[in-house]
Amino acid sequence: MRSAARLLLPLAATGLSAALSVGLAAAPASAATAATSATAATSATAASTASAVSAAETWKWGPTASSDYKGWASGSVRSTSSGLRVAGDLYDAGGARTCSWVTIKWLTDHGRYRTATFRNCSQSTPRAFKVNAGYMLLAKARVCRGTATRVTGRCSRWERVWTQGG
């Protein structure tokens, strides 16, 4: 025969009042057990909700490659307390005297476009970059090839990195 605490344990998620409405008499010890398990279930639900919220604050993008596939970039967009931050790594696999360039272009919440450009001339080490874009409506990225001083062409299409609303 089962004890009253074992009968009330599965019903703790629906509450003690549901168990009493069935006609079971709850002892004070079983009520404390039911309250403890209900508290544990509530804290587990809160923990899973917190992890879902933190997972929704980061969006991945890339890889985006130049038209000759000798430069590529990938990264993420993360929400911060002061807006959004676009970050990533730029890779260069080209020959001598060539560099890879990445251009990040975003539309601010005031309707103005802003750009940030980064280069990597090292074929052995990726270059990390980050842009504090603030509150923006959309962001795009493009990877190009060039020299150490300017972009010369062989660019990828503009890839949408992030947009408000999905």
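Trp61 finds its bridge partner in E2 at Gly75, a handy place to start reading this predicted model. The pairing around it brings together strand E1, residues 58-65, and strand E2, residues 71-80, which run antiparallel over six bridges. Five residues sit between the two strands in this hairpin, and Tyr69 there takes a positive phi near 60°.

The sheet carries on from E2 into strand E3, residues 83-92, again in the antiparallel sense, with ten bridges between E2 and E3. One of the pairs here is Trp72 with its bridge partner Tyr91 in E3. The hairpin that E2 and E3 form has two residues between the strands.

The largest nonpolar core holds 20 residues, and Trp61 is listed with Val77, Val102, Ile104, Trp106 and Met136 as having the most contacts inside it.

Leaving out residues up to four places away in sequence, Trp106 touches Arg112, Tyr113, Arg114, Thr115 and Ala116, along with Val131, Ala133, Met136, Leu138 and Ala139.

Next comes Leu107, which lies in strand E4, residues 99-108. Leu107 counts as buried because its relative accessible area is 15%, below the 20% cut-off for that label. Its contacts, once neighbours within four places in sequence are set aside, are Arg112, Tyr113, Met136, Leu137 and Leu138. Of these, Leu137 is 30 residues away from Leu107 in sequence, yet the two C-alpha atoms are 5.5 Å apart in space.

Thr108 also lies in strand E4. With a relative accessible area of 11%, Thr108 is buried too. Apart from neighbours within four places in sequence, Thr108 is in contact with Arg114, Tyr135, Met136 and Leu137.

Conventions:
Residues numbered from 1 in each chain as written. Predicted model: local features only at pLDDT ≥ 70, side-chain atom pairs only at ≥ 80, totals over all residues. Heavy atoms only, no water. Helix = DSSP H or I, 4+ residues; strand = E, 2+ residues; numbered from the N terminus. Buried < 20%, exposed > 50% of the residue type's maximum accessible area, 1.4 Å probe, protein only. Contact = heavy atoms within 4.5 Å. Pairing = 2+ DSSP bridges. Core = buried A, V, L, I, M, F, W, Y, C linked by side-chain atoms within 4.5 Å.
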